[in-house]
Amino acid sequence: MNKNYFEIIRAGINSTFQDLGRNNLYHIGVPFSGAMDNRNYLLANKLVGNDYDDPVIEFAYQGPHLKYHGDKINIAITGDVSFKIKNGDNLIDGECYQSFILENGDELDIISTNKSVYGYLAISGTFDLKFQWSSCSTNTKAKIGSNNGEKLSDNQKITIKEINNNFVNRKLNYVNTKIENIRVIKGTNFNYFSEEGKKIFFKNEFKVSKLSDRMGMRLEGKKIENIVDTNIRSEGLIKGVIQVPADGNPIIMLSDHGTIGGYPKIGVVVSADYDKLVQLTPGSKVKFQEVDLNSAETLFKLYDLETQNLISQI
Amino acid sequence: MIKNISNLGDAALYCDFGKEVNKDINTQVIKYFKTIQKKNISGVNNITPSYNKLIISFDLKKINFNKLKKIIDNIEIIDGDSIQNKKFEIPVCCEKEFSLDIKRLEEKLKIKEEKIYESFFEKEFFCYMTGFIAGMPFLGDLDENLRAKRLDTPRVKVPKGSIGLTEQFANIYTFESPGGWNIIGNTPLNIFDSTKEKEPNLINPGDLIIFKRITKEKYQNYHE
């Protein structure tokens, strides 16, 4: 019997269980998935004393409103998120990067992310989830992962398998910053585009379109002209690849992307900028900035050091 | 053989096997894929074979482009370890409700419906790769006279089991998905089963496929 559980009063827009994702399945068409913003995922787990790769709930824009039933439990929320905790008649304004204790009957209302897309909720313990290919990550398009491959829905129960009794109060001073210049390495089809098109790609501003989700981010801007072929032989993709289809507007592949694609690749976002890229809300303006492979590797080392440093401060 | 290795971003190798697309080149790609998979190189997190490319992505915390390139440059492909080709017969029903684009194809190709099917069902197909959506096989080669472009506007929803044609290839939609291929029939067979973690794909690269036409009655009463 699982006596500890959350009752979902409101599921939110796109709330799913996520962890580090699945490896070695691209060749059968199953994408990586996993938490979109890796750093905030890791920080959430650390704040409640979990293992670094434990499942969390990822939410987009509006998060879930949950009522807790069971023994005392610790929770933490990361990202840039507004939320409230209701304890009896007390209504507390929540703060990100800080652990909070929930008791039987308490409510957690994750109202929304602020000027960002994704936030993370971790609990001091483990959710009762189905793992597929060693990951709980939900891929709603392919119906793979926990919760039968579906996002959370209203009135559902989230059962908790185990509480780790880790009630240390943890806190971190950290503020997410918004990215304006996305650094990219030239793609394998960079020369498919006209000189003017290449200039537009690196000089002009692009706007993040509403048609963006965990699969991809569409951008709108001045048309990038293709002078060779608007199709290539279908070939493998990775996250961060920027494809430009015939309409001349770039699409960036994100964590749930199709594993194979047939549009020319103008560039690839550097690994160091991926966490910040996924947090761009529709309407945000961005520019692309070219870097070479060496710089990209150095940037990643710095990004990773900063992440490790933040984790060690908790 | 790999003609050139370049970087795709900062966390992937892009191995190019040349411009041509044929069985021999694709067999090379698959051999590389299997050899690298067996080697279990630390840091490699995905290997994606396609017609004439192999993309190897990795965890930048564990390895980088130059180190991995050196390993791949020096890898020995064991030729004796030939690919096990499995053979499958895939039942297809071509009733009107399933052959959504056959009339369009008749017009595009200027070939009668029956001739299109005749040539399609006579062919033994080779699986070049799987992907885009989970388990979708890319099969070739269609006869020259059956090669058509994608739909001008892709469908938002292509039904599960649909058999599509585009250029020299046929594919099978393993679940409902958006798509722009010309749909000529539907199979009752389940091509992808995510509950089977070991072998979720019915069809894998290198396999040989023959399609077999079935009646609507057989389709409706089909049991795997």
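These exercises work through a predicted model with chains A and B.

Residues are numbered from 1 along each chain as its sequence is written, while chains are lettered from A and ligands numbered from 1 in the order in which they are written. Local features need pLDDT of at least 70, side-chain atom pairs count only at pLDDT 80 or more, and totals for chains, interfaces and linings use all residues.

**Exercise 1. Describe the overall build of chain B.**

Step 1. Take the secondary structure. Chain B has 5 helices and 13 strands. Helices (H or I, at least four residues) and strands (E, at least two) are DSSP runs, numbered from the N terminus.

Step 2. Along the principal axes, the C-alpha atoms of chain B fill roughly 55 × 35 × 35 Å.

Step 3. Look at burial. Of the 224 residues in chain B, 43% are buried. Buried means that 20 or more other C-beta atoms, placed from the backbone, lie within 10 Å of the residue's own.

**Exercise 2. Locate the domains of chain B and characterise their contact.**

Step 1. Domain 1 of chain B spans 4-73 and domain 2 spans 87-220. Such bounds come from an automatic or database domain assignment.

Step 2. Count the contact residues. Domain 1 of chain B gives 7 and domain 2 of chain B gives 6. Two residues are in contact if their C-beta atoms, placed from the backbone, lie within 7 Å.

Step 3. Name the elements on the domain 1 side. Helix 1 (23-39) and strand 3 (44-49) of chain B each supply at least two residues there. Helix 1 of chain B gives the most, with 3 residues.

**Exercise 3. Work out which elements of chain B touch chain A.**

Step 1. Count both sides. The contact joins 38 residues of chain B to 30 residues of chain A.

Step 2. List the contributors. Strand 1 (4-7), strand 2 (12-16), strand 3, strand 4 (53-58) and strand 6 (125-130) of chain B each give two or more residues. Strand 3 of chain B has the largest share, 5 residues.

**Exercise 4. Trace the open sheet of chain A.**

Step 1. Order the strands. The sheet has 5 strands, ordered 2-3-10-5-8, with antiparallel pairing.

Step 2. Find the edges. Strand 2 (16-18) and strand 8 (99-102) of chain A each pair on one side only.

Step 3. Inspect one pair. Strand 3 (residues 56-60) and strand 10 (residues 118-123) of chain A share 4 bridges. Ile57(A) is bridged to Leu121(A) in strand 10 of chain A.

Note on methods. Buried ≥ 20, exposed ≤ 12 C-beta atoms within 10 Å, placed from the backbone. Pairing = 2+ DSSP bridges.
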